[in-house]
Amino acid sequence: MGLYIRKQAEEMNTIQIVPFKEEYASKVLKLMRSSSGIDHHTDYTLWQAAHFDPELFFIALVDNCIAGYLFGRSTKESVLLWQIAVDTNNCGKGIGKKLVSALIYSAKKNNFRSIITTITPDNIASKVTISSAAKSCGFCMIDVGMTSDFGGSMAKEIIYEIKFN
């Protein structure tokens, strides 16, 4: 009986990283809007990401429930890691790292030369998560500069790049 219970416990909290599907949209928006420290985009922004860059949009499922998401946008040669969020009830389980690893794999597979992201200086969790994923995939995340404050309308962020060559 103990082995059976242990097996059930292992099957619970299984993290799956899957491509975005339209049926996830409302729950992704709900998670986005409940997350502090990230931009709260419109449903149209998510539609654009899903429509134009479907290979760069991932969902994390825990016990078949949405626990996080990540979407990137393609540029000519690079991928911009646009946004990542993990539900607060699922933080510390490695979900962010798995989402970033999925993006790295997809970007490499689709022949992009790098992933670029911006992170506010005080967002240590995102920096550690993305850097750790890059390292586990055999790459390095480097500081390549700073955003402007866009005429005083936004906080400056550090620009990081994960190069594949």
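Averaged over the chain of this predicted model, the pLDDT comes to 90, and 92% of the residues score at least 70. Residues 1–11 are another story, with a pLDDT below 50. Beyond near neighbours in sequence, that stretch has one contact in the model. Where pLDDT is low, predicted coordinates should not be read in detail.

On to the inside of the fold. The largest nonpolar core has 29 residues. L70, L81, V100, L103, I104, I115 and I162 are the ones with the most contacts inside this core. At least two core residues each come from β2 (57–62), β3 (65–74), β4 (78–86), α4 (95–109), β5 (114–119), α5 (124–136) and β7 (158–163). Helix α4 supplies the largest share, namely seven residues. As a general point, nonpolar side chains tend to be buried together in soluble globular proteins.

The buried residues of α4 are I95, G96, L99, V100, S101, A102, L103, I104, S106 and A107. Take I104: setting aside neighbours within four places in sequence, I104 is in contact with I115, A133, A134, C137, F139, I162 and F164.

Just after α4 comes N111, with a positive phi of about 65°. N111 sits in the loop between α4 and β5 and counts as exposed because its relative accessible area is 71%, above the 50% cut-off. N64 does something along those lines: its phi is positive too, at about 65°, although N64 is not a glycine. This residue is found in the loop between β2 and β3, and its relative accessibility of 64% makes N64 exposed. Most residues other than glycine have a negative phi.

Aromatic rings come next. The structure holds eight aromatic pairs. One of them is F20 with Y24, an edge-to-face pair at 6.5 Å centre to centre and 70° between the planes. Both F20 and Y24 are buried. F71 and W82, on the other hand, are stacked, with 6.3 Å between centres and 20° between planes. F71 belongs to strand β3 and W82 to strand β4, so this pair ties together parts that are eleven residues apart in sequence.

For C65, which is in no disulfide, the nearest cysteine sulfur is that of C91, 16 Å away. C65 counts as partly exposed because its relative accessibility is 47%. C140 is in no disulfide either, and the nearest cysteine sulfur, belonging to C137, is 13 Å away. With a relative accessibility of 55%, C140 counts as exposed.

Definitions and conventions
Residues are numbered from 1 along each chain as its sequence is written. This is a predicted model: local features need pLDDT of at least 70, side-chain atom pairs count only at pLDDT 80 or more; totals for chains, interfaces and linings use all residues. Side-chain values use heavy atoms; hydrogens and water are left out. A nonpolar core is a set of buried Ala, Val, Leu, Ile, Met, Phe, Trp, Tyr and Cys residues joined through side-chain atoms within 4.5 Å. Buried means under 20% relative accessible area, exposed over 50%, partly exposed in between (1.4 Å probe, protein chains only). Helices (H or I, at least four residues) and strands (E, at least two) are DSSP runs, numbered from the N terminus. Contact means heavy atoms within 4.5 Å. A disulfide is a pair of cysteine sulfur atoms within 2.5 Å. pLDDT is the predictor's confidence in each residue, from 0 to 100. Rings of Phe, Tyr and Trp (its six-membered ring) pair if their centres lie within 6.5 Å; planes under 30 degrees apart count as stacked, over 60 as edge-to-face and the rest as tilted.
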